[in-house]
Amino acid sequence: IDYIHYISGREETMEEFFRLFNILYSNNKQIIMASDLEPQKIHNLEERIYSIFKRGLILKIEKRED
C-alpha cells in the first residue's frame, strides 16, 4: 500500500484501511506500506492505525548516490 500518509484525517478511508488490514493480517498475508513521511510525522492518524506501524518493521529507503 503506497502513499499511506494520504489516509490521515480521512475518517472513512482510515476505517476501510483498518478493515482491509485486519482481513489481510488474519489470513497471514504479508503487508507492505509505504509513505513519504515517517509514521510519527503523519498528523491526524488514528491511534489504532499508528499502532499498526509501531508493530512492524520501519525502514528508511534513500536514493543511492554513485
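**Finding the way around**

Trainee: Where is the place of N44?

Mentor: N44 is in the loop between α1 and α2. Helices here are DSSP runs of H or I with at least four residues, strands are runs of E with at least two, and both are numbered from the N terminus. Before we go on, note that this is a predicted model, in which local features need pLDDT of at least 70, side-chain atom pairs count only at pLDDT 80 or more, and totals for chains, interfaces and linings use all residues. Residues are numbered from 1 along each chain as its sequence is written, and side-chain values use heavy atoms, with hydrogens and water left out.

Trainee: Is N44 buried or exposed?

Mentor: N44 counts as exposed, because its relative accessibility is 63%. The cut-offs are under 20% relative accessible area for buried and over 50% for exposed, with partly exposed in between (1.4 Å probe, protein chains only). N44 also has a positive phi, about 60 degrees, although it is not a glycine.

Trainee: What about Y3, what is its phi?

Mentor: Y3 has a positive phi of about 55 degrees, and it is not a glycine either. Y3 is in the segment before α1. With 42% relative accessibility, Y3 counts as partly exposed.

Trainee: Back up a bit. How many helices and strands does the chain have?

Mentor: There are two helices and zero strands. The C-alpha trace spans about 40 × 30 × 15 Å along its principal axes.

Trainee: How much of the chain is buried?

Mentor: Of the 66 residues, 18% are buried. The chain exposes about 5,700 Å², and carbon and sulfur atoms supply 49% of that. Those areas come from the Shrake-Rupley method with a 1.4 Å probe, and for residues only the protein chains shown count as cover.

Trainee: Which residues make up the largest nonpolar core?

Mentor: It has ten: I4, I7, M14, F17, F21, I42, L45, I49, I52 and F53. A nonpolar core is a set of buried Ala, Val, Leu, Ile, Met, Phe, Trp, Tyr and Cys residues joined through side-chain atoms within 4.5 Å.

Trainee: New topic. How many aromatic pairs are there?

Mentor: A search of the whole structure finds three. Y3 and Y6 count as stacked because their ring centres are 5.7 Å apart and their planes are at 25 degrees. F21 and Y25 are stacked too, with centres 5.8 Å apart and planes at 15 degrees. Rings of Phe, Tyr and Trp (its six-membered ring) pair if their centres lie within 6.5 Å; planes under 30 degrees apart count as stacked, over 60 as edge-to-face and the rest as tilted.

Trainee: Where do F21 and Y25 lie?

Mentor: Both are in helix α1, four residues apart, which is about one turn of the helix. F21 counts as buried at 8% relative accessibility, whereas Y25 counts as exposed at 51%. Together with F17, F21 and Y25 form one aromatic cluster.

Trainee: One more. Which residues does H5 touch?

Mentor: H5 touches S35, D36, L37 and I42, not counting residues up to four places away in sequence. H5 is in the segment before α1. It is buried, with a relative accessible area of 11%.

Methods:
Contact = heavy atoms within 4.5 Å.
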